[in-house]
Amino acid sequence: MCGLFGLYRSPGARHPERASDAFVALGMLAGERSADSTGVALFGRPGTINVETPTVQGDVTDGGCRVVKGRGTFLRVWRHDLLAGLDAAPVALGQVRRATRGRPDRLVETGPLLVGALTGTHSGDVDAAGLRARFATPPAAGDADSEVIFQALAAGHRPENVLSALHGRAALAWVDRTRPGRLHLARGALSPLCVAVDAEGNLYWASNPDWFRRVERDTSVRFRSAVLLREGTHLTVEGDEVSSAEFVPTARPGDPMMPDRVWQDFTTTDREHALAQRRHRIAETCVA
């Protein structure tokens, strides 16, 4: 499965370079989940939005957000000249993609994706046809189901309605480029999403809780809390305010039959903890 990681900076943090080091470390660890392709999005001051569909470009800036992506692991895509932009970014999204749909060499399907005013990442696999039928989304630029999810969200539908309509495995992080100070994190059925807060109040997310332990070992960042989000949770973070909403997480009958893919590289303890917290429902039928 894909690996998600990211950083939301606390307005009062005094050491941006430490949080940046942790983001880079998370990106390197995310490569354990796939080596197909990698992308990062670094947010700045809002600007004019011209790109509203995913592109094949490996480096594009739109609406004050710079998206850089390419084939291979984080280390093949990340460049030293991106560090200044990362240090200044209030939010940074990252994704290592394992192609469950489409081709691994198509950057149009590699997150972060620019869809409408949104920049988003998704780990998992959902019934895209059902979403298209329910929300009447326009034709997609690629074959990735992630694009259809963000099309529905970008159209202005209530997030919990879109998230409840997802049938499959899903963890998401997205930001509206017109409001880069607001971050959305959501965990649907199965796909893990862990959230941590460091000693300066910076918030991070990752697909594997063990990555936070290893970041503490390899950087100067120390986390004061780290939790696995419960299935059916949508967090909105803006400044120092965090709000939570619930939705119905729904898996397809075959989704729970892929534990090695879902819990890839989890420790035995983390896997047992995650399995004990499952609360998704199983769809009786999937829309074709």
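Which residues have the most contacts inside the largest nonpolar core? The legends below refer to a predicted model.

**View 1. The largest nonpolar core and helix α1.** This core has 39 residues. F5, F23, L26, W78, Y204 and F212 are those with the most contacts inside it. Helix α1, spanning residues 16–30, supplies the largest share of the core, 8 residues. Another core lies apart from this one and has 24 residues, among them V60, L185, L235 and V237.

**View 2. Surroundings of F212.** F212 belongs to the residues with the most contacts inside the largest nonpolar core. With neighbours within four places in sequence left aside, F212 is in contact with L26, C194, V195, A196, Y204, W205, A206, F223 and A226. Two of these partners, L26 and Y204, are also listed with F212 among the residues with the most contacts in the core.

**View 3. The salt bridge between D125 and R252.** The structure holds 19 salt bridges, including the one that joins the side chains of D125 and R252, with an N to O distance of 2.8 Å. The pair links distant parts of the chain, 127 residues apart. D125 sits in strand β7 (residues 118–126), whereas R252 is in the loop between β15 (250–251) and α8 (259–262). Both D125 and R252 are buried.

View 4. The side chains of R213 and D270 meet at 2.8 Å, N to O, in a salt bridge. R213 belongs to helix α7 (residues 210–218) and D270 to helix α9 (residues 268–276), so that distant parts of the chain, 57 residues apart, are linked. R213 is partly exposed, its relative accessible area being 42%. D270 has 9% relative accessibility and therefore counts as buried, the limit being under 20%. A network of salt bridges links R213 and D270 with E32, D210 and R214.

**View 5. The salt bridge between D260 and R271.** In this salt bridge the side chains of D260 and R271 are 3.6 Å apart, N to O. Because D260 lies in helix α8 and R271 in helix α9, the pair ties together parts that are 11 residues apart in sequence. D260 has 59% relative accessibility and so counts as exposed, for which the value must be over 50%. R271, with a relative accessible area of 25%, is partly exposed.

**View 6. Q95 in strand β5.** Q95 is placed in strand β5, which covers residues 91–97. Its relative accessibility is 4%, so Q95 counts as buried. A polar atom of the Q95 side chain lies 3.0 Å from the backbone oxygen of H122. Not counting residues up to four places away in sequence, Q95 touches C2, G3, L4, F5, S37, T38, G39, G111, P112, T121 and H122. One of these partners, F5, is also among the residues with the most contacts inside the largest nonpolar core.

**View 7. G142 in the loop between α4 and α5.** G142 is found in the loop between α4 (128–135) and α5 (145–154). It is buried, with a relative accessible area of 8%. G142 and P54 are 7.8 Å apart in space, C-alpha to C-alpha, and 88 residues apart in sequence. Neighbours within four places in sequence left aside, G142 is in contact with R106, V108, E109 and E147.

Methods. Residues are numbered from 1 along each chain as its sequence is written. This is a predicted model: local features need pLDDT of at least 70, side-chain atom pairs count only at pLDDT 80 or more; totals for chains, interfaces and linings use all residues. Side-chain values use heavy atoms; hydrogens and water are left out. A salt bridge is a side-chain nitrogen of Lys or Arg within 4 Å of a carboxyl oxygen of Asp or Glu. Helices (H or I, at least four residues) and strands (E, at least two) are DSSP runs, numbered from the N terminus. Buried means under 20% relative accessible area, exposed over 50%, partly exposed in between (1.4 Å probe, protein chains only). A polar contact is a pair of N or O atoms within 3.5 Å; within protein, one must be able to donate a hydrogen and the other to accept it, and residues adjacent in sequence count only if both atoms are side-chain atoms. Contact means heavy atoms within 4.5 Å. A nonpolar core is a set of buried Ala, Val, Leu, Ile, Met, Phe, Trp, Tyr and Cys residues joined through side-chain atoms within 4.5 Å.
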